[in-house]
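Here's a short walk through one protein model, from a single side chain out to a pocket. Keep the viewer open as you read.

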Amino acid sequence: MHDQGYQPVPPHFEHSRSFGDLLGTIDTQTMRRIPWNNNIPHFIVDFVDPDTMKPLDFCPRGLLKTILKKYSDLELFPMSGMEFEFFQFRESPQSLVSKNGVGLEPLSQGMFGYSLLRPAQEQKYFNQIYDDCLQYRIPLECYHTETGPGVYEAAIEYADTLELADRAHLFKTAVKQIGAQHGIVPCFMAKPYQNQPGCSGHIHFSLRNINQENLFYNPKGGKDAESLVTDSLRHFVAGILHGLPSIMAILAPTINSYKRLVANYWAPLTVSYGFEHRQTAVRIITPPVCSPSATRIEVRVPGADVNPYLASAAILACGLEGIVSKLEPPVQVSEPGSDTSGRPRLARSLQEAVVKMMDDNSFARKVLGNAFVDHYGTTRLHEVRNWSVAVTDYELKRYMETM
């Protein structure tokens with residue numbers, strides 16, 4: 001980030017301090033044309049070790065493909081959808097620097113969630129996002145204003161998990177490039193403002209068999225929600241809940257991520273799950289809220305700053321461990337609308353999250369491997385170190401005159 005090397009140096013780079021090359025292999029199935037840039041072709045690459053030609057442990061897309069291979073070997077096929085909330089400012093890269101990121105002009109004023117007025121005031125920009133993303137193979141199920149000045153939300157159409165992760169990854173870049181043409185800067189920070197809700201990056205998951213049947217839905221169930229889900233869903237959720245504390249550094253990867261995970265702002269704080277419960281870490285969605293084929297779970301911990309590949313890989317790896325080992329949820333189900341504060345608290349900071357992930361016996365090491373955890377954990381320690389020596393606006397305002 002900002003063209004700075006990691007300190008301490010991640011294990012993979014210890015032998016390559018001279019900035020050695022990596023090899024990128026083109027995935028031709030990802031070919032797209034960029035409609036806002038003269039329809040030039042665009043491909044996604046996977047990084048491999050130039051000596052062994054094996055996927056690099058720290059390549060996010062490669063890690064996800066490795067986890068998905070474990071599913072396909074069992075004839076299981078995850079499907080995913082993703083939502084991004086993000087602030088937008090009538091600014092430029094130059095004004096962000098000159099203003100030091102402070103006093104920015106939001107795209108619109110006030111709290112106008114699901115408004116029909118605010119998009120009409122930026123109709124060309126709003127329509128171009130919809131139209132160009134569709135041409136760019138990022139179909140949006142919905143796109144609307146959310147709570148907060150200049151905040152929009154995009155729900156990216158569900159697909160197999162690798163395709164969805166590609167769409168989510170490319171969506172951020174697409175919106176930023178299109179926004180630049182309109183004098184707008186989208187922001188995918190988890191929490192730009194202390195007194196505003198944060199920006200989520202919720203991810204939905206379901207599981208299909210080789211016949212494309214939803215393995216989370218129980219067709220023999222009764223009227224109550226719990227009877228409509230299968231043992232596979234219960235074990236999948238259990239794996240996520242067991243692993244959640246040790247993958248927090250992936251789902252909430254920055255210092256700022258944890259400013260979103262606070263009380264009273266619709267963000268989950270605990271190891272918890274429930275049916276149609278929007279304060280739990282995992283929300284289970286069943287009929288009649290959705291069709292039987294759309295029975296799924298929503299992981300509500302990630303913010304908009306999440307890496308879709310890493311988050312999907314970590315969640316699916318935990319879920320698979322739950323299915324294979326037939327794990328049971330470590331906490332009781334939370335009833336709709338109930339208080340979840342009695343459940344185990346998730347990490348309050350990136351440092352706390354990294355310590356749990358890098359523990360010798362962490363769930364993350366078990367499902368993602370030591371090589372990835374050691375590398376990724378080191379990059380997060382770099383973030384913590386930079387934060388620990390930063391002098392912030394808060395400190396200047398609080399101590400400059402009074403100390």
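Does Glu163 count as buried or exposed? Glu163 counts as buried, at 14% relative accessibility (buried is under 20% relative accessible area, exposed over 50%, and partly exposed in between, using a 1.4 Å probe and protein chains only).

## Ground rules

This is a predicted model, so to speak of local features takes pLDDT of at least 70, side-chain atom pairs count only at pLDDT 80 or more, and totals for chains, interfaces and linings use all residues. Residues are numbered from 1 along each chain as its sequence is written, and side-chain values use heavy atoms, with hydrogens and water left out.

## Around Glu163

Glu163 sits in helix 5, residues 161-181 (helices are DSSP runs of H or I with at least four residues, strands are runs of E with at least two, and both are numbered from the N terminus). Setting aside neighbours within four places in sequence, Glu163 is in contact with Arg32 and Arg137 (contact means heavy atoms within 4.5 Å). Met79 is 84 residues away from Glu163 in sequence, yet their C-alpha atoms are 9.2 Å apart.

## Gln196 in its loop

Gln196 belongs to the loop between strand 6 (185-187) and strand 7. Gln196 is buried too, with a relative accessible area of 13%. Not counting residues up to four places away in sequence, Gln196 touches Phe87, Met111, Gly148, Pro149, Lys191 and Tyr265.

## Cysteines without partners

There are zero disulfides here (a disulfide needs a pair of cysteine sulfur atoms within 2.5 Å). For Cys187, the closest cysteine sulfur is in Cys199, 6.7 Å away and too far for a bond. For Cys290, the closest is in Cys142 at 15 Å, again too far. Cys187 is buried at 13% relative accessibility, and Cys290 is buried with a relative accessible area of 13%.

## The second largest pocket

This pocket has a volume of about 910 Å³. On a 1 Å grid over the protein atoms alone, a pocket is an open set of points where a 1.4 Å probe fits, with protein on both sides within 12 Å along at least five of seven lines; lining residues have an atom within 4 Å of a point. Of the 44 lining residues, Glu83, Glu153, His204, Arg283 and Glu298 are the closest to the centre.

Strand 3 (77-89) gives the largest share of the lining, seven residues. Strands that each supply at least two include strand 4 (140-145), strand 5 (151-160) and strand 7 (203-208). By type, the lining divides into 19 nonpolar, 12 polar and 13 charged residues (Ala, Val, Leu, Ile, Met, Phe, Trp, Tyr, Cys and Pro count as nonpolar, Asp, Glu, Lys and Arg as charged, and the others, Gly among them, as polar).

Notes
Grid points are joined across faces, edges and corners, and a volume is the space filled by probe spheres set on the points.
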